[in-house]
Amino acid sequence: MIYKLLCTDMDGTLLSKHHEISKENIEAVKKASAKGVKIAVCTGRLHSSAFYYASLLEVKTPVISSNGAFIREKDEDKIIYKSILKKEHCSKILEVCRNHGLNVSFHTPNTVFAETELFSAKNYKDFNKKLPKEGRIKIEILPKGTLKEIFDKYEDDIVKAIVIEDEKLIELKKAKEELKNLGGLEVVSSFPNNFEIMSEGVSKGRAVEILAKVYGIKREEIICIGDNENDISMLQYAGLGIAMGNASEEAKKAADYVTDTNLNNGVAKAIEKFILNEEK
């Protein structure tokens, strides 16, 4: 099979545990691109953060961010797709999380809004320390009880909400199930200690489908690579779904093939095997 589109997740897949892209992964991606394969970065992160890492690949790379809620061409100011969380859904998400004693942040493509610096806001603040100005995420820590004002002000821009909790794992699980049962929302996890909420119908798999239609690429001509629950939809949609060696068991079960881990250049090895035909 000749593959024409490669979509790769970032954290736990393309990136090492130190949030770096190995020389081997970069070179393999560049070789695939030179062979005519379109490359797309597909992540739960916000667009600004994903844009920076996509730039490191040194190829023309559309960016699928916020788990598929936002798709934009990297090298031009062109939005391909955008799906927002409605105000009423944002308010309900906030209510459910507060009832379970959980902190939640709400995201536009380039900004995190939260009432505490902990969790996702802190994660992005830590990421920002290592990134150049153009790759940094804006972080706004708000006074308690003012998040609903953001829902009004940014009603056309909020694409995702996220909860990260290392200690209240039981409450995390309960809140996740409650939100899944509300209807109108997509709720998935990218790590065992979080869940992310988008509008109903939003997923990485749906985003890959939208991008493929833009390029005129058939489903069977697509490779998707990922490692966690939020990658399963694209692993199942792709003609060839590849899970990382460090992937969750659910992701591995959804995949057609399991490559090496993100610490051992699993993305590069998959590209060599299925695109460059240089299996080692």
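Predicted model: local features only at pLDDT ≥ 70, side-chain atom pairs only at ≥ 80, totals over all residues.

Helices and strands here are DSSP runs, numbered from the N terminus.

Look now at one pair within it. Strand β6 (residues 105-107) and strand β9 (residues 160-164) run antiparallel and are joined by three bridges. S105 has I162 of β9 as its bridge partner.

A helix covers part of this sheet.

The crossing of α4 and α7 is right-handed. On the α4 side, the contact is made by K92, I93 and V96. On the α7 side, A175, E178, L179 and L182 take part. By class, the contact of α4 with α7 has five nonpolar, no polar and two charged residues.

Back to H100. Is H100 buried or exposed? Buried means under 20% relative accessible area, and H100 has 14% relative accessibility, so H100 counts as buried. Leaving aside neighbours within four places in sequence, H100 is in contact with E171, K174, A175 and E178.

Now move to the other sheet described here. This one is open and has eight strands, ordered β5-β4-β3-β2-β1-β12-β13-β14, with mixed pairing. At its edges stand β5 (79-82) and β14, each with a single partner strand, so one side of each is left without a neighbour in the sheet. Within this sheet, three bridges join strand β3 (residues 63-65) to strand β4 (residues 70-72), and the two run antiparallel. V63 has R72 of β4 as its bridge partner.

Two helices lie across strands of this sheet. Helix α3 (residues 47-56) lies across β2 (38-42), β3 and β4, at about 145 degrees to β3. Helix α8 (residues 204-215) lies across β1, β2, β3, β4, β5 and β12, at about 150 degrees to β5.

Finish with another helix pair. Helix α2 (residues 23-34) packs with helix α11 (residues 266-274) at an angle of about 30 degrees, and their axes are 8 Å apart. The two are therefore roughly parallel to each other. Their crossing is left-handed. E24, N25, A28, V29 and A32 of α2 make the contact with V267, A268 and I271 of α11. By class, this contact has six nonpolar, one polar and one charged residues.

How many of the nine residues of α11 are buried? Seven are, so α11 is largely enclosed by the rest of the structure. The buried residues are G266, V267, A268, A270, I271, E272 and F274. They pack against β1 (5-8), α1 (10-14), α2, β12 (222-226), β13 (240-243) and β14 (257-258).

Terms used:
Residues numbered from 1 in each chain as written. Heavy atoms only, no water. Pairing = 2+ DSSP bridges. Helix = DSSP H or I, 4+ residues; strand = E, 2+ residues; numbered from the N terminus. Axes fitted to C-alpha atoms, helices over the stretch in contact; angles between N-to-C directions. Parallel < 35°, antiparallel > 145°, perpendicular 65-115°, else oblique. Left-handed = near helix turned anticlockwise from the far one by under 90°. Contact = heavy atoms within 4.5 Å. Nonpolar A, V, L, I, M, F, W, Y, C, P; charged D, E, K, R; others polar. Buried < 20%, exposed > 50% of the residue type's maximum accessible area, 1.4 Å probe, protein only.
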